[in-house]
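Here is a short report on one protein chain. Look at the sequence and the fold first, then read on.

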Amino acid sequence: MTARNRRSAVLAVVLGLGGAAAIGCGGGAPAETAPAMDAPAAQAPTAGDLLASGHSLEVPSFSLTDQTGAPFGSAQLDGHVWVANLTSTRCGDACQAVTAALRGIQDEFLGSEDVLLISFSVDPANDTPQVLAGHADDAGADQDHWKFLTGRPNQITQLSRHGLH
């Protein structure tokens, strides 16, 4: 993994933690809160802290389906800075706030081919590519640079536990 990809992975994982609060917002029973969310904000490292310390995290390879029904995998992130979150289309205010923040990042980097936004659905039973496409439209997503991904439940569970933890 190159230094640039390591930095990208760190940024993705750290910002993914912020979106992890949305895991419990689905239509079913509340999910467990991510351990990092229990720590006071003053103690949680920022992406800048991790990068400055030389810390890197590697996100495991994955292959999921995007909002158009096309395959999308970790290989397509190579060479890009990417920001990720965990979300559900049935989530309420918490997910909407994260989506709004991501839209702000999208607007800030509009036209940049280097920055991608990746929203991983934690509700794959409901969040089909068609549902995600409607959600992307509602979010005002530039769908060339903001991918909404779904997959089999075990894929999402493994990625959220071992990649975006």
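Just after helix α5, Gly140 has a positive phi of about 70 degrees. Keep in mind that this is a predicted model.

**Helix α5.** This helix covers residues 129–139. Which of its residues are buried? They are Pro129, Leu132, His135, Ala136 and Ala139. Seen down the axis of α5, these buried residues fall within an arc of 115 degrees, so they line one face of the helix. The face turned away from the buried side carries the exposed residues Gln130, Asp137 and Asp138. What covers the buried residues of α5? The cover includes β1 (63–65), α4, β4 (115–121) and β5 (146–149).

**The sheet.** Three elements come together here. The 3 strands form an open sheet in the order β3-β4-β5, and the pairing is parallel. β3 and β5 stand at the edges with a single partner strand each, so one side of each is left without a neighbour in the sheet. From one strand to the next, the twist averages 20 degrees.

The pairings look like this:

| Strand pair | Sense | Bridges |
|---|---|---|
| β3 and β4 | parallel | 7 bridges |
| β4 and β5 | parallel | 4 bridges |

Some bridge partners can be found by name. Thr87 has Ser121 in β4 as its bridge partner. Leu117 is partnered by Trp146 in β5. Ser119 stands opposite Phe148 in β5.

**Strand β4.** How many residues of β4 are buried? The count is 7 of its 7 residues, so to speak a mostly covered strand. In a regular strand the side chains alternate between the two faces of the sheet. β4 can be read that way: Val115, Leu117, Ser119 and Ser121 are on one side, and Leu116, Ile118 and Phe120 are on the other. Both faces of β4 are covered, and these residues are all buried.

Thr87 is found in strand β3, which covers residues 81–87. Is Thr87 buried or exposed? Its relative accessibility is 5%, and buried means under 20%, so Thr87 counts as buried. Leaving aside residues up to four places away in sequence, Thr87 touches Cys95, Ser119, Phe120, Ser121, Val122, Asp123 and Asp127.

**Helix α4.** This helix has 16 residues, 93–108. At 1.5 Å a residue, α4 should span 22 Å, and its end C-alpha atoms are 23 Å apart, which agrees. Cys95, Val98, Thr99, Leu102 and Gln106 are buried in α4. They cover an arc of only 100 degrees around the axis, which puts them on the same side of α4. An α-helix has 3.6 residues a turn, so residues three or four places apart point the same way. The face of α4 turned away from its buried side carries the exposed residues Asp93 and Glu108.

Strand β4 and strand β5 pair in the parallel sense. α4 packs on the sheet and touches β3, β4 and β5. The direction of α4 makes about 165 degrees with that of β3. α5 lies across β4 and β5, running at about 145 degrees to β5.

**Following the chain.** β3, α4 and β4 make a right-handed β-α-β unit. The chain then crosses from β4 through α5 to β5, and this β-α-β crossover is right-handed.

Key
Residues numbered from 1 in each chain as written. Predicted model: local features only at pLDDT ≥ 70, side-chain atom pairs only at ≥ 80, totals over all residues. Heavy atoms only, no water. Helix = DSSP H or I, 4+ residues; strand = E, 2+ residues; numbered from the N terminus. Expected span 1.5 Å × (residues − 1). Buried < 20%, exposed > 50% of the residue type's maximum accessible area, 1.4 Å probe, protein only. Arc of directions from axis to C-beta. Contact = heavy atoms within 4.5 Å. Pairing = 2+ DSSP bridges. Axes fitted to C-alpha atoms, helices over the stretch in contact; angles between N-to-C directions. Right-handed = clockwise from strand over helix to strand, strands pointing away.
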